[in-house]
Amino acid sequence: MEKVFFNGEFVAADDAKVSYNDRGYVFGDGIYEYIRVYNGKLFTVTEHYERFLRSAGEIGLDLNYDIDQLIELSRKLVDINNINNGAIYIQATRGVAERNHNFPTPAVDAAIVAYTKSYDRPFDHLENGVNAVTVEDIRWLRCDIKSLNLLGNVLAKEYAVKYNAVEAIQHRGETVTEGSSSNAYAIKDGVIYTHPVNNFILNGITRRVIKDIADDYEIPFKEEAFTVDFLKNADEIIVSSTSAEVTPVIKLDGEVVNDGQVGPITRKLQQGFDKAIATRSI
């Protein structure tokens, strides 16, 4: 039976029961990470847990775990569940306490849950591309925190599904921010453009890998805001995330991108990502 890491122990999945007073359930008062597993190894795991601890600090949540401990429990979880290709989902909440909006006084222990999922790489999307739509970004102003408050993302993703698309690329006014579950990029005249790192986007780990790949291939990578119109006139469009990797967008709001073909820079980035899997997994 599948094992789950639940508040310091590895237990059967059926025994991992969360209290109705858990603040993650009641308030969305918590954070999470999603870490890819390739060939039984953890991909960019240190970067993920650095961000996990940063998110915890931003909301004043004391986890009592350091990066090495988090990596170790992740390795054990992968081994116990015999995961070859897949991912780990881990979340931490402010714990179980009587329902009050303010933090519990005295403080209670954080609740930490992690589990695994097996799945292969998205080869069809990587090879052939996906459809996307644009949608107004209605989320809060601290998107740099990987918080459990994902209702805005959920509504955007559902909008995409409604229109037979895989992703919704969000914008605040005319400025493109990111996808509902990804970072977004416009490629124009050989240059990769993506929103700068600030409170309006999550600084994606795959985004950082793509930036490194662009540097290796000497492809200009500009972190600057661009408009929806600029995106719709791009030569190539991609979205990236832990699960999506480097996914080309071949149709946006019903309009074909690059004659429906995956572009050359996207292919270079995908090649670089394949190499990164081998070199950045531990």
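The structure is a predicted model, in which local features need pLDDT of at least 70 and side-chain atom pairs count only at pLDDT 80 or more, whereas totals for chains, interfaces and linings use all residues. Residues are numbered from 1 along each chain as its sequence is written, and side-chain values use heavy atoms, with hydrogens and water left out. Helices (H or I, at least four residues) and strands (E, at least two) are DSSP runs numbered from the N terminus.

The buried residues of H3 are Leu70, Ile71, Leu73, Ser74, Leu77 and Val78. They cover an arc of only 165 degrees around the axis, which puts them on the same side of H3, the arc being that of the directions from the helix axis to the C-beta atoms. An α-helix has 3.6 residues a turn, so residues three or four places apart point the same way.

Helix H5 (residues 151–162), with 12 residues, reaches 16 Å from its first C-alpha to its last, close to the expected 16 Å. Within H5, Gly152, Asn153, Ala156 and Ala160 are buried. Viewed down the axis of H5, these buried residues fall within an arc of 100 degrees, so they line one face of the helix. They pack against strand E7 (130–136) and strand E8 (167–172), contact being defined by heavy atoms within 4.5 Å. The face of H5 turned away from the buried side carries the exposed residues Leu151, Glu158 and Lys162. Of these, Lys162 has a relative accessibility of 61%, and its C-alpha lies 28 Å from that of Ile205, a residue 43 places away in sequence. Just after H5, Asn164 takes a positive phi of about 55 degrees.

Helix H6 (residues 205–216) and helix H8 (residues 264–279) pack at an angle of about 110 degrees, with their axes 9 Å apart. That angle makes H6 roughly perpendicular to H8; angles under 35 degrees count as roughly parallel, over 145 as roughly antiparallel, 65 to 115 as roughly perpendicular and the rest as oblique. Axes here are lines fitted to C-alpha atoms, for helices over the stretch in contact, and angles run from 0 to 180 degrees between N-to-C directions. The contact brings Thr206, Val209, Ile210, Ile213 and Ala214 of H6 against Lys268, Leu269, Gly272, Phe273 and Ala276 of H8. These contact residues divide into seven nonpolar, two polar and one charged, with Ala, Val, Leu, Ile, Met, Phe, Trp, Tyr, Cys and Pro counted as nonpolar, Asp, Glu, Lys and Arg as charged, and the others, Gly among them, as polar.

In H8, the buried set consists of Ile265, Thr266, Leu269, Gln270, Gly272, Phe273, Ala276 and Ile277. Seen down the axis of H8, the buried residues fall within an arc of 170 degrees, so they line one face of the helix. The face turned away from the buried side of H8 carries the exposed residues Pro264, Lys275, Ala278 and Thr279. The 16 residues of H8 should span 22 Å at 1.5 Å a residue, and the end C-alpha atoms, 23 Å apart, agree with this.

Asp235, in the loop between helix H7 (228–232) and strand E13 (236–241), is partly exposed at 30% relative accessibility. Residues up to four places away in sequence not being counted, Asp235 touches Ile187, Lys188, Asp189, Val257 and Asn258. The C-alpha atoms of Asp235 and Pro264 are separated by 10.0 Å, although the two residues are 29 residues apart along the chain. Asn258 is found in the loop between strand E15 (255–256) and H8, where its phi is near 55 degrees, a positive value in a residue other than glycine, and its relative accessible area of 32% makes it partly exposed.

Most residues other than glycine have a negative phi, and most peptide bonds are trans. Asn7, in the loop between strand E1 (3–6) and strand E2 (9–12), has a positive phi near 50 degrees and is partly exposed, with a relative accessible area of 41%. The peptide bond from Thr105 to Pro106 is cis, with omega near 0 degrees, and Pro106 is placed in the loop between strand E5 (86–93) and strand E6 (111–118).

Terms used
Expected span 1.5 Å × (residues − 1). Buried < 20%, exposed > 50% of the residue type's maximum accessible area, 1.4 Å probe, protein only.
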